[in-house]
Amino acid sequence: MKVIGLTGQTGAGKTTASEALRAGGLPVIDCDLLAREVVNHSKSCLGDLVLAFGCEIIDHNGELNRRRLSGIVFNDRAKLRRLNAITFPHILRRIEEEIERYRRRGAAALVLDAPTLYEAGADKLCYAVVAVTAPEEDRLRRIIARDGLSEEEASARIRSQHDDAFFRARANFLVENTGSSEELIEKVAAAMNLALANREQQHEAANV
């Protein structure tokens, strides 16, 4: 079974691409959903987060308040690294369990939709990786509209993430989202077809 990683910057359009791939019949593992499951239902993970960042990150239901935690870590790279060190091992185990579940079901391929694919080490589970990038001003506008953030909050989130060069140096295929949603979907589908047919053996990403 071929596992194709789909990653990219926040607000670049990765979710739009992922939803189109799922609608087209490719199984998709949403690592954001798995991450929420892990931090809300793994007592050891949630306990470690409380020890690291305080009880204020827990809401009245006893679950993680993601926006409050984001406000803490996206303005402090050291705290973001601490968050990643706590959560990524738990999340990676869940990803591996989901991949194995699809493997047992006989899936020929699947998409691993993971915004922090490289940071979590999940790229090592992938046959190839497709990364989606977009101009910063477009990403800023989408994040503000999508998450209800202020411009300052959205900018902090962007600054906490990697630039285009990071993905170009690591991904097998780079999709630059500079047009319509339809154009993005076509580009990502083309990259997926190339990835499933034959992995590009090169250091820098092939533009699609």
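## Helix packing and nonpolar cores

Helices H2 and H3 pack with their axes 5 Å apart, at an angle of about 80°. H2 and H3 are therefore roughly perpendicular to each other (65 to 115 degrees; under 35 is roughly parallel, over 145 roughly antiparallel, the rest oblique). This is a predicted model, in which local features need pLDDT of at least 70, side-chain atom pairs count only at pLDDT 80 or more, and totals for chains, interfaces and linings use all residues. Residues are numbered from 1 along each chain as its sequence is written, and side-chain values use heavy atoms, with hydrogens and water left out.

- Val38, Val39 and His41 of H2 make the contact with Lys43, Cys45, Leu46 and Leu49 of H3 (contact: heavy atoms within 4.5 Å).
- The residues of the H2 contact with H3 are five nonpolar, one polar and one charged.
- H3 and H5 have axes that come within 10 Å and cross at roughly 170°.
- That makes H3 roughly antiparallel to H5.
- From H3, Ser44, Cys45, Asp48, Leu49, Ala52 and Phe53 meet Lys79, Arg82, Leu83, Ile86, Thr87 and His90 of H5.
- The H3 contact with H5 has six nonpolar, three polar and three charged residues.
- Axes are lines fitted to C-alpha atoms, for helices over the stretch in contact, and angles run from 0 to 180 degrees between N-to-C directions.

**Serine 42, between H2 and H3**

- Serine 42 sits in the loop between H2 and H3.
- Serine 42 counts as buried because its relative accessibility is 18% (buried: under 20% relative accessible area; exposed: over 50%; partly exposed in between; 1.4 Å probe, protein chains only).
- Its side chain forms a polar contact of 3.3 Å with the side chain of serine 44 (N or O atoms within 3.5 Å; within protein, one must be able to donate a hydrogen and the other to accept it, and residues adjacent in sequence count only if both atoms are side-chain atoms).
- Leaving aside neighbours within four places in sequence, serine 42 is in contact with Glu37 and His90.

**Nonpolar cores**

- The largest nonpolar core holds 38 residues, and Ile29, Leu49, Phe53, Ile95, Leu112 and Leu117 touch the most other members (core: buried Ala, Val, Leu, Ile, Met, Phe, Trp, Tyr and Cys residues joined through side-chain atoms within 4.5 Å).
- Elements giving two or more residues to this core include H2 (31-41), H3 (43-53), H5 (77-104) and strand E3 (109-113) (DSSP runs, numbered from the N terminus: helices H or I, at least four residues; strands E, at least two).
- H5 gives the most to this core, with eight residues.
- Apart from this core lies another, of 18 residues, among them Ile4, Leu6, Ala128 and Val188.

Note on methods: Nonpolar A, V, L, I, M, F, W, Y, C, P; charged D, E, K, R; others polar.
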